[in-house]
Amino acid sequence: MEDGQLMENDRTSWFWSRRFALKMGNHLDSPETKRFYNEQIFTEIAPRYDFITRALSFGRDGAWKRDVIAALPAEQDPFCLDLACGTGDITRLLAQKYPRGRIVGLDITEPMLALARASSSDANIQFVNQDMSNLAFDSGTVDIVSGGYALRNAPDLARTLGEIHRVLKPGGVAAFLDFSKLRGERVQRWQYWTLKMWTGFWGVLLHRNHEIYAYIAESLHRFPDRDQLRSALAEKGLAVVASRLYFFGFIELLVVKRRDV
């Protein structure tokens with residue numbers, strides 16, 4: 001074999017060896033392994049995160065997140081937590097809505113937080129590395145909780161909902177935007193494969209690995225459907241007070257209020 005062919009083979013081997021290699025099927029069955037997988041996968045996608053959220057939503061993601069902010073109550077100086085804040089787009093919108101408030105964006109992925117800090121200049125924003133299933137804030141101290149694509153990524157959903165209830169003040173409000181699992185087995189299969197093909201295309205294009213964004217379909221497959229999610233929220237003392245569907249029902253905005261259990 002000629003030297004040129006050997007060099008080409010080496011380049012090809014190096015190219016493919018850099019692909020994200022973790023298999024999501026091996027990591028989504030327990031809180032510990034899902035937490036580890038989320039840290040790794042969001043580290044991988046952090047540089048492309050803002051682009052891919054726009055691409056997957058056909059450019060509608062920004063408008064949906066502005067609706068999250070519009071759904072929140074008028075407050076003078078609230079304490080706000082933005083869960084799984086990623087690159088901080090919702091966090092920054094909170095700071096604009098509540099310039100006198102205290103805004104904390106939290107995420108378990110440091111590369112995401114580094115991007116958020118670099119693009120945020122508001123003095124009332126703080127970014128922290130923290131697991132939303134184990135919030136390091138006192139009980140009954142938070143006025144508002146937000147989350148863009150947060151609950152579906154929670155390593156332990158029940159524990160996360162309990163933590164949200166714990167830190168919210170009585171009557172405190174939370175708003176969540178996420179992919180929504182449709183009702184009914186047949187339509188769920190259709191939704192799963194539609195999402196898997198669309199997200200898989202972008203995974204191959206940007207990372208040479210279809211699983212990178214097909215994780216959305218798989219995590220939604222394991223997530224409660226709309227009725228089950230409302231039951232899970234109610235069980236933890238979080239009552240749904242408003243909802244809005246987008247994108248043929250694939251996306252839902254939920255607004256909930258803390259009540260005593």
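Of the 261 residues of this protein, 52% count as buried, meaning under 20% relative accessible area, with exposed over 50% and partly exposed in between, using a 1.4 Å probe and protein chains only. Before I go on: this is a predicted model, where local features need pLDDT of at least 70, side-chain atom pairs count only at pLDDT 80 or more, and totals for chains, interfaces and linings use all residues. Residues are numbered from 1 along each chain as its sequence is written, and side-chain values use heavy atoms, with hydrogens and water left out.

The protein has 10 helices and 7 strands; these are DSSP runs, H or I of at least four residues for helices and E of at least two for strands, numbered from the N terminus.

Now the salt bridges. There are 13 in the structure, each a side-chain nitrogen of Lys or Arg within 4 Å of a carboxyl oxygen of Asp or Glu.

Take Asp178 and Arg152, whose closest N and O atoms are 2.8 Å apart. Asp178 lies in strand β5, and Arg152 in the loop between β4 and α7, 26 residues apart. Both Asp178 and Arg152 are buried.

Next, Arg183 pairs with Asp227 in a salt bridge at 3.0 Å between the closest N and O atoms. Here the loop between β5 and α8 is linked to helix α10, across 44 residues. Arg183 is partly exposed at 44% relative accessibility, and Asp227 is partly exposed at 42%.

One more pair is Glu218 with Arg222, at 3.3 Å from N to O. Glu218 is buried at 12%, whereas Arg222 is partly exposed at 38%.
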